[in-house]
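Have a look along with me.

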Amino acid sequence: MAAAYAWRLLAVGAVVYAAFTVLGRFQLVAVAVFLALVITSVLRPLTDLMSRRLPRAVAVVVSVLSSIVVVLALLALVGNAVAGEWSQLTEELGGGINRIKRWLEGSPFHVSHAALADLQGKIASFLASHRSTLISGALSGAGRAIELVTGGALALFCSVFFIHSGERLWLWTCAQLPETARSRWRGAGQAAWHTFAGYTRGIIIVAGTNALLVGLALFVLRVPLALPLALLEFVAAFIPLIGSPIALAVATMVALAGRGPIVALVVLSLIVVIGQFEGHVLHPLVLSWAVRLHPVVVAICVIAGSIVAGVIGAVVAVPMVSVAWSVIRALRSPDDGSPPA
């Protein structure tokens, strides 16, 4: 029996490996389709609501265009905030670096002035010797920006059709299967979409709540660039467990340079407070009904996804595993619709 299961698992593993190899070769297309599904899960309820009074096509256009306007307005607001605080931030960072030096030279660290000067000289020489590498990295970043725009356009194009007629696309896909398997796979697809849409909407609520709390705290503490740092927290919250601490670590560094060590320690304490609030309040209330994964599974998924595909893998690992588990549960359920044993 072990041998029988082993060769079947090897066959399934070979198919999964081949599928992910193809996705890796067409990473831009795969990411664009994933982003289109995210957009669809967010805008589909709004479109369904407007389609009660408007034609379906008009409701799709209105919902997509309004979301684009909201995103562009948010980016413009962040850009204006950075531009308005840039000169003040430059002065505060200069003074903050001097304060950090004096802090390290004093008690309890007692770092010598010569050691700090030597470290500063090594950093300057490193940047000077690797200037060509930094320039080539910036140029490659420009190429990645073009790919990002292309992927965003493809995602927007696909999301329009997913929002307008996603059910017909899925029914056509099920029609290509044997007739005896259509109903079971139709149910599996519904379970997969329910899980994916629930996770996406839930993680947006969690990320928005974290960003609001962080933004208010940074604004009260008068930390520079509070609005961009809150937006960074919103984006980082899409990576479970590790995203928020990384974003708050960046905010801590900005607070240390701009407001001193006391404010930096307060911002650092937010990592613990918001982490506890997110893990024990937000996730159980918002995501437990859509995603039923143990925290150990979530941690392993995030780390494994980051190893395989970097930041993108860390973002998509948890929803992919959640959808796979919901599909397995749906396929294992009896034909009469009762839950599996």
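Which element gives the largest share of the lining of the second largest pocket? I found that α10 does, with 17 residues.

I noted first that this is a predicted model, where local features need pLDDT of at least 70, side-chain atom pairs count only at pLDDT 80 or more, and totals for chains, interfaces and linings use all residues. Residues are numbered from 1 along each chain as its sequence is written, and side-chain values use heavy atoms, with hydrogens and water left out.

**Entry 1: the pocket.** I looked up the space in the second largest pocket and got about 2,000 Å³. Of its 46 lining residues, F34, L37, F196, M320 and V323 are the closest to its centre. Lining residues have an atom within 4 Å of a point on a 1 Å grid; a pocket is an open set of such points, where a 1.4 Å probe fits, with protein on both sides within 12 Å along at least five of seven lines. I sorted the lining into 33 nonpolar, ten polar and three charged residues.

**Entry 2: the helix pair.** I then checked α6 (residues 179-220) and α10 (residues 295-332), helices being DSSP runs (H or I) of at least four residues. They pack at about 150°, with axes 8 Å apart. That makes α6 roughly antiparallel to α10 (an angle over 145 degrees, on a scale from 0 to 180 between N-to-C directions). In the contact (heavy atoms within 4.5 Å) I listed residues including F196 of α6 and V323 of α10.

How values were computed. Helices (H or I, at least four residues) and strands (E, at least two) are DSSP runs, numbered from the N terminus. Angles under 35 degrees count as roughly parallel, over 145 as roughly antiparallel, 65 to 115 as roughly perpendicular and the rest as oblique. Grid points are joined across faces, edges and corners, and a volume is the space filled by probe spheres set on the points. Ala, Val, Leu, Ile, Met, Phe, Trp, Tyr, Cys and Pro count as nonpolar, Asp, Glu, Lys and Arg as charged, and the others, Gly among them, as polar.
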